[in-house]
Amino acid sequence: MRTKSLKKNKINVITLGCSKNVYDSEVLMGQLRANGKEVTHEATKDEGNIIVINTCGFIDNAKEESVNTILEYADKKEQGLVDKVFVTGCLSERYRPDLEKEIPNVDQFFGTTELPLLLKALGADYKHELIGERLTTTPKNYAYLKIAEGCDRPCSFCAIPLMRGKHKSTPIEHLVIEAEKLAKNGVKELILIAQDLTYYGLDLYKKRNLAELLEALVKVEGIEWIRLHYAFPTGFPMDVLELMKREPKICNYLDIPLQHISDSVLKSMRRGTTKEKTTKLIQDFRALVPEMTIRTTLIVGYPGETEEDFNTLKNWVEEMRFERLGCFTYSHEENTHAYLLEDDVPEEVKQDRAAQIMDIQAQISWELNQEKIGQTFKCVIDRKEGEHFIGRTEFDSPDVDNEVLIDASKFYLKTGDFVNLKIIEATEFDLYAEPIS
């Protein structure tokens, strides 16, 4: 029988899934640190004897990764390599009874809204006064700022409302306090996230209030860039674009997942829009802020998607020439509205359609990047990797967009600094640059 070690407990938090989960893990770690707990994030060596896994339950691949990670640590517990394993996040919220039955070696499962209970299980108290206190896990120059939780949209394919609940905005004054604390710690770029930015404020202020929030955040000293992620096309508050145009701190960038463009697919997806309305919205964006970079994501292989629907989407992608685009294959999620439909597009067809869209996008991206050669951009330096310093323009979000590579054998740059870089070469998804004095 293994004897219990007398060493101090160390909590290792493992984060899976999206930026919203990264944010939640940072809040959890901030609370643990304030309780005097020793906490680390995704440590591999000396990884801690208490494990907290923050899971994703969005689509099949993410669920599989989450389950495999839980099994890995449940096995380590069995071997005596760790003492306790706790599981939280979206997968746990959605499938807790099944997980408890299938993986009994986990000490406890928690849902997405049970932070106080999770802290209690870890021997800590939830401190309400800790507004904006987080242990950030991103590079020091940028951080995510979650402005709302949950979603009220009825999209047929999406399980997020099942896992995250109804839309709930965070008050402007709390977000400003959080931004000020981040800025004091050296953060220069805020990436605003929510399931739906465009809905911000409707519950608290009875109106779409994203522009007012941005007006407050641009006043925070030390913040140089504010980036908008995950807007919804229906009911987009156009006053945000006026602000983007006149306020240099707000990046000329918008992440707006459009999912599809065929009217029949959009109707079945319950997106509340049409091809005509969506096309006009993108044209309006570009007319109001011509220098804006638009990132979107699409889903192929949705139930009933015909060859004609797909060709409509393909032609539209060619026509719209999005600066940034990602494409996913449809995942048939139980308890969603679309689960009632037959998942009738074969997996190989889904994969082929996604590959076709990404081939078109790679060509568009290559052509747009060639136009940047010889131009100078203000860039932030995120990190050094191998022989290069890696930076980004205001038109690029971390982890998903283009990166700017600078030869580290010729130039020395400091991470977190903003520098002017001249583009000397470009591929589909990378730019090569030299600093200009």
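The following conversation walks through a predicted model of one protein.

Trainee: What should I know before reading the values?
Mentor: This is a predicted model, in which local features need pLDDT of at least 70 and side-chain atom pairs count only at pLDDT 80 or more, while totals for chains, interfaces and linings use all residues. Residues are numbered from 1 along each chain as its sequence is written, and side-chain values use heavy atoms, with hydrogens and water left out.

Trainee: How many helices and strands does the protein have?
Mentor: There are 13 helices and 18 strands. Helices (H or I, at least four residues) and strands (E, at least two) are DSSP runs, numbered from the N terminus.

Trainee: And what is the radius of gyration?
Mentor: The radius of gyration is 22 Å, close to the 22 Å that the globule rule gives for 437 residues, so the protein is as compact as a globular protein of that length. The radius is taken over C-alpha atoms, and the globule rule is 2.2 Å times the number of residues to the power 0.38. Along the principal axes, the C-alpha atoms fill a box of roughly 65 × 60 × 45 Å.

Trainee: What share of the residues is buried?
Mentor: Of the 437 residues, 54% count as buried. Buried means under 20% relative accessible area, exposed over 50%, and partly exposed in between (1.4 Å probe, protein chains only).

Trainee: Let us turn to T296. Where is it found?
Mentor: T296 belongs to strand β12, which covers residues 293-300.

Trainee: Is it buried or exposed?
Mentor: T296 counts as buried because its relative accessibility is 0%.

Trainee: Which residues is it in contact with?
Mentor: Leaving aside neighbours within four places in sequence, T296 is in contact with I256, P257, L258, F322, R324, L325 and G326. For I256, the backbone oxygen lies 2.7 Å from a polar atom of the T296 side chain.

Trainee: G326 is on that list; where does it sit?
Mentor: G326 is in strand β13, residues 324-329. G326 is also buried, with a relative accessible area of 14%.

Trainee: What does G326 touch?
Mentor: Not counting residues up to four places away in sequence, G326 touches R295, T296, T297, L298 and M358. The C-alpha atoms of G326 and R295 are separated by 8.0 Å, and these residues are 31 apart along the chain.

Trainee: Moving to the loops, where is E133?
Mentor: E133 lies in the loop between α4 (115-121) and β6 (142-146). At 35% relative accessibility, E133 counts as partly exposed. Setting aside neighbours within four places in sequence, E133 is in contact with V27, G30 and K181.

Trainee: Which residues other than glycine have a positive phi?
Mentor: Among them are N335, with phi near 70°, and D399, with phi of about 75°. N335 is in the loop between β13 and α13 (347-370), whereas D399 is in the loop between β15 (388-393) and β16 (403-407).

Trainee: Are those two buried or exposed?
Mentor: N335 counts as exposed at 61% relative accessibility, and D399 counts as exposed at 68%.

Terms used: Polar contact = N/O pair within 3.5 Å; in protein donor to acceptor, adjacent residues only side chain to side chain. Contact = heavy atoms within 4.5 Å.
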